[in-house]
Structure formats: C-alpha cells, structure tokens
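Biologist: I am new to this structure and would be grateful for a close look at a single part of it. Please consider the following model with me.

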Amino acid sequence: MLKFILFLLPIFLYSATDIYKTGKNLYFSKGCSGCHGISATGTNLYPALAYRRKPFLISKLKDYRAKKGSTQQSQMMIPFAMGLNDKEIDALTTFLSEYHENKSNYKPDISTRGDGGS
C-alpha cells in the first residue's frame, strides 16, 4: 500500500502544478490581465484577484456565467465567464488563489468573507 501511495504522490503533485499553469494560461489568453493587471493586483477600476479565496472566486465566476451581475461593472464579466467550463473555472481560480508569481506587492486577503471586506 505504501508503494502505491508513493507511486501516486508525484502524479498528484504534477497535476497540481499543471492546473496552476493551465489557470495562468487562461488568465492571459482570456484577457483577464487587460483589466485586472498582469499581476492580478487590480487597477483603479477593477478589483485585485490574486490571493482571493478559491470558493469566493468560483462562486463569482459561476454567477457571471449564469448571467448574474448586480452592478454594471460586474455585468461586464458576463461575456468573459460565459465561455468558461467548470474545469477552466477550477484552473483559473487555482491560479488566482495560489498566486505565486512573485510579481505582486498586493497583500493577501485575510478577511473571513473572501471578498476583501472585513
């Protein structure tokens, strides 16, 4: 049994790295960096996404994909999210929540809400 676990461990670790890279590729290929910045730290008009809690990001992207947006700014996300499937949302949110590109001075979200609030 131990040999089996040791055999699977590298495969699991590789797939975790692979999903992060997939999410990174999606972030840039889908145009997210155009508004949220190349470091996912946001801009004057658009929120930071790096270090956000994964469940919060998943919830937001799935709401946008379902054409739910409560503000004009959030409704701008609908066309981007509509083209994402569940695997892509998982990869994208993995990249953002585990962001480790060392290009950002943004401080991690330490709130309990996951949306940057207290």
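How much space lies in the largest pocket, and which residues and helices line the pocket?

Modeller: The model is a predicted one, and in it the largest pocket holds about 630 Å³ of space. Its lining is made up of 30 residues. Those that lie nearest the centre of the pocket are His36, Pro47, Leu49, Tyr64 and Met77. Sorted by class, the lining comprises 17 nonpolar, seven polar and six charged residues.

Several helices take part. At least two lining residues come from each of H2 (32-36), H3, H4 (72-75), H5 (78-82) and H6. Helix H3 gives the most, with six residues.

Two of these contributors, H3 and H6, also pack against each other. H3 spans residues 54-65 and H6 spans residues 86-97; their axes lie 9 Å apart, at an angle of about 140 degrees. Because of that angle, H3 is oblique to H6. The crossing in which H3 passes H6 is right-handed.

On the H3 side, the residues in contact are Lys54, Leu57, Ile58, Leu61, Lys62 and Arg65. They meet Asp86, Ile89, Asp90, Leu92, Thr93, Thr94, Leu96 and Ser97 of H6. By class, this contact between H3 and H6 has six nonpolar, three polar and five charged residues.

In short, H3 both gives the most residues to the pocket lining and packs with H6, another helix that supplies at least two residues of that lining.

Definitions and conventions: Residues numbered from 1 in each chain as written. Predicted model: local features only at pLDDT ≥ 70, side-chain atom pairs only at ≥ 80, totals over all residues. Heavy atoms only, no water. Axes fitted to C-alpha atoms, helices over the stretch in contact; angles between N-to-C directions. Helix = DSSP H or I, 4+ residues; strand = E, 2+ residues; numbered from the N terminus. Parallel < 35°, antiparallel > 145°, perpendicular 65-115°, else oblique. Left-handed = near helix turned anticlockwise from the far one by under 90°. Contact = heavy atoms within 4.5 Å. Nonpolar A, V, L, I, M, F, W, Y, C, P; charged D, E, K, R; others polar. 1 Å grid on protein atoms, 1.4 Å probe; cavity = no way out; pocket = protein on both sides within 12 Å on 5 of 7 lines; lining within 4 Å. Points joined across faces, edges and corners; volume = space filled by probe spheres on them.
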